[in-house]
Amino acid sequence: MFRRLPSTAPRVEIFVDGRAITARSGDTVAAALLADGQNWTREAANAGTRRGPYCLIGHCHECLVEIDGQPGQHACLVTVRDGMRVVRTRRMEDGT
Amino acid sequence: MQAAFDVIVVGGGLVGAAIAYGLARQHRARTLLLDEGDIALRASRGNFGLVWVQGKGRGFPAYTRWTMASADAWPAFSEEIEDATGIDADYDRPGGVDLAFDAAELHDLATGMHDIRSGLNGRDYPFDVLDQRGLKNIFPHVGDGVAGGIHCPHDGVANPLRLLQALHAGFARSGGTYVARCPVASVQPQPSGVRVRTGQGDYSGATLVLAAGLGTTGLAAQAGMTVPLHPNRGQLMVTEPMPAMLGLPTVNVRQTREGSFLIGYTSEDAGLPTETTQAGLGAIARRAVTAFPFLAGVRIVRTWAALRIMSPDGFPIYARAPDHPHIVAAACHSGVTLAAMHASRLPDWIVGAEDAPDLSAFSSERFDVPTAA
Amino acid sequence: MNRTCSLAVIGAGPAGMAAARAARDAGADVTVIDDNAAAGGQAYRDLQANAASRPGAMTVLGDDYGQGRALLERFQSCGATIMTGAGVWSVEPGGTVHVVDHAGVGQVQARRVIIAAGAMERPVPIPGWTLPGVITLGAAQTVLKSPGLVPDGRTVIAGCGPLLYLAAMQLLDAGADIAAILDTTRPGHRRAALAHLPGTLLNAAPLRKGLKWRRALKRSGVPFIPDAYGIRAHGTEALETVVYGTGGQHQTVAADTLLLHAGIVPSHHLAALAGCRLQWDGMQAAWHTVADDWGATTVDTIGVAGDCAAIGGAELAVQSGRLAGLDAAYRLGFLDRAARDRAGSSVLRMIRRQRPLRRFLDSYFRPPDEFLMPPDDDTIVCRCEDVTAGAVRQAAALGAPGPNQTKAFTRAGMGPCQGRMCAATVAHLIAEVQNRPVSGIDPLRARPPLKPLTVGQMAASAE
């Protein structure tokens, strides 16, 4: 996991899968997740195993999440806003 | 001369690979399949994946019958190739729907289907014309901008990429020889056979099958055959997987077994470029959202374009060289639908089997007749 | 967000900023598009925010980082229109740049486009690299720069490249608990690199810096394992241990975070999508965009600059950005050819002096084969579609002539990353199975959208 170096950036509250976490203004969504001890962003479609951000600069597409209702957003590129709602990508259940 | 084969098939796309697979498996022919490099026009890699009957063969009943025969042979064909290779081509035959976006379009579609039915001289050709309400029964999520559609129980789907892989794997398992990155430079008819010159040397065979997509025209000409073809660009896109929303495929949108939506397609006479265009992608996206409004919020994973292989009347060409009956050409844009025939009955015709089908209607001689202006 | 301009620059990193400024100074109207929240690229990521509010971070990140401030300030005052938080999902050869941001889709129509999309870290497909807790070393450096995160718990660094030593030092200084550094630099590659050494003496400062970092690391007391191999990540739901070989022995080290690195490679996907020709660079083991000294590609309207053209690092990227900006100004009629050549001549000389050093570094830090062609068939190579090395080898054994056919057969490269993570690995595996040189294998065709887009956005984009 990750810990935060001393920062004076204001606190911001975002919701991850409905649960409130504290982030700091200027965080990307991925950084906010990592700082909160959340190491995954999606469940792999085939294997079903969890995946976390790998490159953190927009190439690997492992961190695509839904942000405020918009699917397929890069958690590593989008900056947090107070009250933002993040939904991690779940694997599709067979036959649903 | 590197080797002598019973048959040389030029073209490793869906048409050539199906023929080569059928020749090697069913006729135990020593078959050589010559293919292009990795960056080829390769319409087979851009296919929408319909095993489709409705709308096929208006004014050309032989094509309707050929299509229906292939659709009927598909269940056994898909089982056979899965048994041989372990590759499931995701074949399914739930029936299918062609959507009409206004009353005039629905009327045109229905008229076309009645024409096709009457061309079959009484053969069973089931379909239903659906109004908006009938459509809602099949597709609860259909948009109000759709006027109706044609439902046909014969229609189905398959995964064209898995099919292509299965045909290649099945061909290899039947003892076929596959050489890629081997474009054919020239075709040289011989008194008893044929020699082809390639970038990787010369090959000789008793029979030659030209199934090289748009490249067929030029190669066939070297054997004295006229095979007129032109490209027709289709643009498509595919989305992320979603829960099952569409039970049946439509011509515009279908949901794959994995849950992705395939969204098609444009039909453009735009020459050889295989780039997507903003105008084309925007148009098919708008039509898809009109058909199924929930698609607006679904993420696109990839878009692409491919070139259909079109004859002047849009129907397949199966032709023998007039002076070299051991040289044949096969060209069409329905490589998935017709795969079951291309892997069985077409090889019978190629080798001149006793019970071979009569394919004379598909000869390119039909284009020699001057048409009234 | 639709607009027209003379020059569109994609990427506001060192190269993009320099290109924009050079073209602006000559009088061109310039729009710069970047998908990050602020200009600076990876090299100067969030530099201004850090300088304003986190002096601690500035100390950890060092002088080279701080030196970007002047460049950023000159860029911001040059008069270019700057669009941040905007992803480019397609570029057409006619100069249309398709953009998506939180507000929706739009187009920038330009007479010329400079692609300065930077680099990405070379993917390192080892067994277990898809486990949460395994990220790239550059990723750790990225979140260290902003917002200032340090790996917490036992951290292992594995791989090779000049960045390895620098980033390891930065992480140590920031207080990370580094359990081991597994240096995979191969002795054979080190020896081969010596051939390029003489030319680098003209420009030895970076080498001295690198040696200094390496010595400091060894002195730091962190277990430093030279010639490490056979690196694997293990864990059930997330990383638990890292296994590696050294001197014929297998060792296991408990780890919460594994940071992988095998150098950086050009991010060529936008250029490929625009139709620019790519070429395999055997020394770098990566594709790069074919371009002349001024960054002009094989497509008339498109230039490239910085690491996305050829890897050179931030300083060189600034120089190549200036050249591409001057060349754009010339082609757009804001400068005559002589003025372009005058302004560019010293820059060109500077760039040529750097080349031997790049060749030395590429050769010295060439990734080990186990990173390029995962030997274990179970290793996932395509992360998006979970395609293994074994599946790709099988397709190659069927005779598939290249990555585009193996993509059709295996789905490798079909997911949202558009092959960024697997294309080079797939090419290496095909080459291995078919006993061909990688240079003869065609690159994977790039397909739009290169950034996520919904069907609704696509429908709106052409209205």
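Begin by selecting Cys76(A), a buried residue whose relative accessible area is 3%, where buried means under 20% relative accessible area, exposed means over 50%, and partly exposed lies in between, using a 1.4 Å probe and protein chains only. Before going further, note that this is a predicted model, in which local features need pLDDT of at least 70 and side-chain atom pairs count only at pLDDT 80 or more, while totals for chains, interfaces and linings use all residues. Residues are numbered from 1 along each chain as its sequence is written, chains are lettered from A and ligands numbered from 1 in the order in which they are written, and side-chain values use heavy atoms, with hydrogens and water left out.

Staying in chain A, select Trp40(A) and Arg88(A): the arginine lies over the face of the tryptophan, at 4.0 Å from the ring centre. A charge sits over a ring if NZ of Lys or CZ of Arg is within 6 Å of the ring centre and within 35 degrees of the ring normal. In chain C, select Trp294(C) to find Arg340(C) over its face, at 3.9 Å from the ring centre.

Rings of Phe, Tyr and Trp (its six-membered ring) pair if their centres lie within 6.5 Å, and planes under 30 degrees apart count as stacked, over 60 as edge-to-face and the rest as tilted. One of these pairs is Phe48(B) with Tyr265(B), edge-to-face at 6.4 Å centre to centre and 70° between the planes. The pair links distant parts of the chain, 217 residues apart. Phe48(B) is buried at 8% relative accessibility, whereas Tyr265(B) is partly exposed at 30%.

Then select Tyr125(B) and Phe127(B), whose ring centres are 6.1 Å apart with planes at 65°, so this pair is edge-to-face. Tyr125(B) is buried at 1% relative accessible area, and Phe127(B) is buried at 9%.

Finish with one aromatic cluster in chain B, formed by Phe60(B), Tyr63(B), Trp66(B), Phe315(B), Tyr318(B) and Phe362(B).

Terms used
Helices (H or I, at least four residues) and strands (E, at least two) are DSSP runs, numbered from the N terminus.
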